[in-house]
Amino acid sequence: MPHACLGSASTTDWDDDNIAKGYGHRRLLDGHDAGVEGNGQRATGWNRLSSRPCVGKRNNSLMSFNMHEQPTGPARRRLLLAAAGLATAALSGVATARLATPQQMRGPFYPDRMPLDQDNDLTRLMDRGPSQGEITDLSGRILDVDGTPINDALVEIWQCDANGRYIHTGDQGGRRRDPGFQGYGKTRSGSDGRYRFRTIKPVPYPGRAPHIHVAVTAPGRKPLVTQLYVEGARENSRDFLRSLLSAEELAAVTVPFRPSRDGSGHLAARFDIVMT
Ligand SMILES: [Fe+2]
């Protein structure tokens with residue numbers, strides 16, 4: 001007997017299609033490593049909507065009905081309410097399911113000698129003067145895919161200074177290292193998942209668009225290593241590592257750096273991180 005379906009959309013499981021990209025180095029003019037910055041994986045998973053032709057079983061009176069015996073009166077009202085509830089649940093699923101922040105390569109310049117000062121203000125190293133570069137307040141939340149804040153996650157960042165130099169003995173670039181820039185910092189997320197750093201707006205170096213390396217670890221979570229990019233940077237379209245990411249992944253790791261509204265004259269950037 002024919003029956004009509006209410007129709008539905010539901011979130012599917014994670015597409016855990018991790019693609020190992022291998023390890024390699026390509027030397028550049030200033031000694032930086034370009035295109036392939038280490039050993040990493042590309043996480044391509046995200047929740048998708050999948051249309052199902054039918055919800056429930058045919059014998060469930062709320063889920064299906066005979067086209068030729070459509071209910072009327074109170075029964076029809078109950079049916080419509082049930083349909084509305086299903087639609088709300090489906091939309092709710094869309095709103096809360098989040099794309100996991102994509103894994104990206106760690107790169108060769110994670111500090112091999114940690115600075116004495118490792119706090120979350122990278123613009124001051126010990127008692128030295130402020131660093132060069134555009135001071136930026138970088139903040140965000142560490143969340144799971146359902147949007148639940150992750151407390152006490154260790155968040156590390158590292159990046160080159162305003163002259164394109166990392167604090168790494170393997171970075172023998174020609175320009176002088178900024179002695180006031182810490183180059184690396186770490187902090188922990190609060191109970192609301194929030195974290196914050198004071199750093200500089202990243203600058204490009206040969207072969208790479210401006211980026212900040214980010215690593216996050218939290219109990220019971222898959223360790224995350226990724227990179228954050230600057231929205232609108234002209235080098236973005238020529239960056240090999242960015243070319244490995246899907247449009248959705250790029251959107252998740254590319255953020256605007258805007259003038260802060262607190263009157264400090266700093267920039268502000270917000271980067272929410274989603275862990276699996
Ligand atoms: Fe880098």
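Strands β11 and β12 pair antiparallel over six bridges. In this predicted model, the two strands form a hairpin with six residues between them. Gly-220 sits in that turn and has a positive phi of about 75°.

Ile-157 stands opposite Val-214 of β11. Leu-154 has Thr-217 of β11 as its bridge partner. β11 is mostly covered, with five of its seven residues buried.

**The five-stranded sheet**

These strands belong to an open sheet of five, in the order β9-β8-β11-β12-β13, with mixed pairing. Its edges are β9 (184-188) and β13 (254-255), each of which pairs on one side only. Strands of a sheet pair through backbone hydrogen bonds, either parallel or antiparallel.

**Pairings of β15**

Which strands pair with β15 in the parallel and in the antiparallel sense? β7 pairs with β15 in the parallel sense, over four bridges. Strand β14 (residues 258-259) pairs with β15 in the antiparallel sense, over two bridges. Leu-267 of β15 takes part on both counts: Thr-136 stands opposite Leu-267, and Pro-259 also stands opposite Leu-267.

Leu-267 and Ala-269 make up the covered face, while Ala-268 and Arg-270 make up the uncovered one. In a regular strand the side chains alternate between the two faces of the sheet.

The strand pairings described above compare as follows.

| Strand pair | Sense | Bridges |
|---|---|---|
| β11 and β12 | antiparallel | six |
| β7 and β15 | parallel | four |
| β14 and β15 | antiparallel | two |

**The nonpolar core**

The largest nonpolar core has 41 residues. Ile-142, Val-216, Ile-273 and Met-275 have the most contacts inside this core. At least two core residues come from each of β7 (135-144), β8, β10 (194-200), β11, β12 (224-230), α3 (247-253), β15 (267-270) and β16 (273-275). The largest share, five residues, comes from β12. In soluble globular proteins, nonpolar side chains tend to be buried together.

Which residues does Val-216 contact, leaving aside its neighbours within four places in sequence? The partners are Ile-142, Ala-153, Leu-154, Val-155, Leu-224, Ile-273 and Met-275. Ile-142, Ile-273 and Met-275 are also among the residues with the most contacts inside the core.

**Loop residues**

Gln-132 is found in the loop between α1 (73-96) and β7. Is Gln-132 buried or partly exposed? Gln-132 is partly exposed, because 16 other C-beta atoms lie within 10 Å. Leaving aside neighbours within four places in sequence, Gln-132 contacts Asp-161, Ala-162, Asp-178, Gly-180 and Phe-181. The C-alpha atoms of Gln-132 and Ile-200 are separated by 7.9 Å, although these residues are 68 apart along the chain.

Met-126 lies in the loop between α1 and β7. Met-126 is not a glycine, yet has a positive phi of about 55°. Met-126 is exposed, because 10 other C-beta atoms lie within 10 Å.

Asp-152 lies in the loop between β7 and β8. Phi of Asp-152 is near 60°, a positive value in a residue other than glycine. Asp-152 is exposed, because 12 other C-beta atoms lie within 10 Å. The cut-off for exposed is 12 or fewer. Most residues other than glycine have a negative phi.

**The chain as a whole**

The chain has three helices and 16 strands. Buried residues make up 31% of its 276 residues. Among contacts with a separation of 6 or more, 75% join residues 24 or more positions apart.

**Confidence**

The mean pLDDT of the chain is 75, and 65% of the residues reach 70 or more. Residues 1-71 stay under 50 in pLDDT, and the model has 129 contacts beyond four places in sequence for them. Residues 85-94 are also below 50, with nine contacts in the model beyond near neighbours in sequence. Where pLDDT is low, the predicted coordinates should not be read in detail.

Conventions: Residues numbered from 1 in each chain as written. Predicted model: local features only at pLDDT ≥ 70, side-chain atom pairs only at ≥ 80, totals over all residues. Pairing = 2+ DSSP bridges. Core = buried A, V, L, I, M, F, W, Y, C linked by C-beta atoms within 7 Å. Buried ≥ 20, exposed ≤ 12 C-beta atoms within 10 Å, placed from the backbone. Contact = placed C-beta atoms within 7 Å. pLDDT = per-residue confidence, 0-100.
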